[in-house]
Amino acid sequence: MSLPGIYNAQVYLDFSTGYGFPLGGKTFYERYDSGHESATTNKVQSYRQKNISYGTGASQEITIGLKHNDLISTEIGLNYTSANQRIENVTGNYTDDMGWTTVQSVSDINTKLHTRMFSVNPGIRFETKMGGSQFFLKMAARVSLLTSLHRKYFVSSRDTYSSGNVYSWVYYNDRYYSGGMAIGGSIALGWTIPVSPKFGFRFQVFANALNWSPKKVKLTRYEVNGNDPTIDKEDDLLTTFYVNEFTENEITGQGAGWVPNNDIKEAYPFSTYGFNIGLHFNLGTSNKR
Amino acid sequence: MKLTTLLTLTLLSVQSIFGQFYIESSFGYAMGLNGVEDEDSHLNTNYISGQNVFTRERIKNFQYLSAGPTINTSIGWLSERPLSFRFQTSYHLGNQGTVSQTIHSTSDSTIIDSEDKQTYRFTGFKWSPCFTVRKQGEKWSGEIAVGPSFLILGNLIRGSQFIEEFTDLITPSQSGVTSDDAYVWKYYGGIGIGATGSFSALYHVNKSISISLGLSINALQWSPKYGMKLSHIYYGQDIFDDLPTSDKEIIFSSEYTVDGPIDTSEPLTTLKVNYPLSSIDFKIGLRIKLNQNQEEHDS
């Protein structure tokens, strides 16, 4: 490991686990319907804001670093973040009195989001002693190499009429977003508490600024009351590619010049703040002279 | 004269208690890391002699509200250890962003042209109290700073204009403007909370003055608390004064309940919207130490 510029650098290895909370994110609206709708009364609609940062969730990280002197280290981390979130788009249970009949409406429209991200984080760490422990500040780039989002959209609706008739339907629309690279940054401040010269505990609080634009999305399920018309379709017909710009055109009677499988890029915010706890191992000097 | 003396004495007192101070002024440019999703589109349709030719161009046009020039001022305290503290204020001057959707539609007898245009301009102050750790050298020093950041006095001006013109090729007298509506909203209030980290390289010109080059990462978002319509021009007429309050004022809330018709004499309550303001900033400036009597004891 006698590379130029890292002579006598101490090598260290960190294993850490933590949790990220949303820092901003995309705004979604949740609605709950209740009460009694009639000619003289309105049903009650309660709205609630929900911010979704797709990076919200648990993360694990392995970091290998070179401590060049008492103050400065350079390092590279491999991070895996996984998150499960849910949006209650519209839920409710209300009565609709239309005069000639009364309908009891029960609805549940929700979206489940499952995200996974592998990222590489090259960074620089400045540290200083505070009593028996080390206080450090860290700044790193964050480059995601493998990111995916599985979005599951579900609708369940049931209307019961006063005559006893029941109309219900269930709808699934699942999409798998993948591809594309996200580049952002990460900052942290923390403490290293040494237990021995070779081993210690690390605690840090961090914030990430990261945005992901997937390259493509594939429809994985489209089901209405048990029927899935997409089940025999080829992948190409179910996949949409995201691009910065495109032109679609159509001339009636001359076949389709329409481009059904392109769409403009979307952005998925992954910014979070949170904490990490971990183990710190000093592995010795990179080049003993 | 008395004020100058008072300021000097105050500064000397503070320095004698806390140690060495510096001020730093810099100019910078912020590149948006995330933006409001939007797109330009240009639709052309020709329905001539029974044949419909349709072309639509779509172009990604995210609005990076945090992008643009910045003016930064820092007051920092240098302790005897590498660990220090600084308080930075940045003013984001903002850029004007424009998003446009156009339609040009022709047939044997008519031409319709329309444009829906939105403009965005964001300005605001960002305060960042940061811990700093530095590596002091004779000619060059390096410094890393990490801390929370707060957006205050955020101000988003959002304009919207829709205009549509109709041309009758058979009866030209029936041609004219069929829609003309322009209004401007201002969104403000609320504090944005995030975090910032920066790396600075300092070139020491002499003991007092250093040139500073900095790179920052900012994770920040903002939800304005209020909306206020600034103007509304409809077919060339100013209709602002005739609008009900609910069409001129908005209160943004995390949650609310609707139980009956909207009271138009009150501001409209609606759900908060998050505006992404994360950015990567570059800056160049000057750092001036205010007290050279105290020797540095950096590592």
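**Exercises on a two-chain predicted model**

Strand E3 (residues 43-52) of chain A and strand E15 (255-258) of chain B pair in the antiparallel sense over four bridges, where strands (E, at least two residues) and helices (H or I, at least four) are DSSP runs numbered from the N terminus, and pairing requires that DSSP finds at least two bridges between two strands. This is a predicted model, in which local features need pLDDT of at least 70 and side-chain atom pairs count only at pLDDT 80 or more, while totals for chains, interfaces and linings use all residues. Residues are numbered from 1 along each chain as its sequence is written, and chains are lettered from A and ligands numbered from 1 in the order in which they are written.

**Exercise 1.** Find the bridge partner of A:Arg48 in E15(B), and then describe the side of chain B that touches chain A.

*Solution.* Step one: the partner of A:Arg48 is B:Glu255. Step two: the contact takes 49 residues from chain A and 48 residues from chain B, two residues being in contact if their C-beta atoms, placed from the backbone, lie within 7 Å. Step three: among the elements that give two or more residues on the chain B side are strands E3 (51-60), E7 (110-135) and E8 (140-168), and E3(B) gives the most, with ten residues.

**Exercise 2.** Locate the largest nonpolar core and state which element supplies its largest share.

*Solution.* Step one: a nonpolar core is a set of buried Ala, Val, Leu, Ile, Met, Phe, Trp, Tyr and Cys residues joined through C-beta atoms within 7 Å, and a residue is buried if 20 or more other C-beta atoms, placed from the backbone, lie within 10 Å of its own. Step two: the largest such core has 48 residues, and those with the most contacts inside it include A:Leu137, A:Ile187 and B:Val146. Step three: E8(B) provides the largest share, five residues. Step four: B:Val146 touches residues of both chains, including A:Leu137, A:Ile187, B:Cys130 and B:Phe131, when residues up to four places away in sequence are not counted.

**Exercise 3.** Is chain B compact or spread out?

*Solution.* Step one: chain B contains one helix and 18 strands. Step two: its radius of gyration, taken over C-alpha atoms, is 27 Å, well over the 19 Å that the globule rule gives for 299 residues, so chain B is more spread out than a compact globule; the rule is 2.2 Å times the number of residues to the power 0.38. Step three: the C-alpha atoms fill a box of roughly 85 × 45 × 40 Å along the principal axes, and buried residues make up 29% of the chain.

How values were computed: Buried ≥ 20, exposed ≤ 12 C-beta atoms within 10 Å, placed from the backbone.
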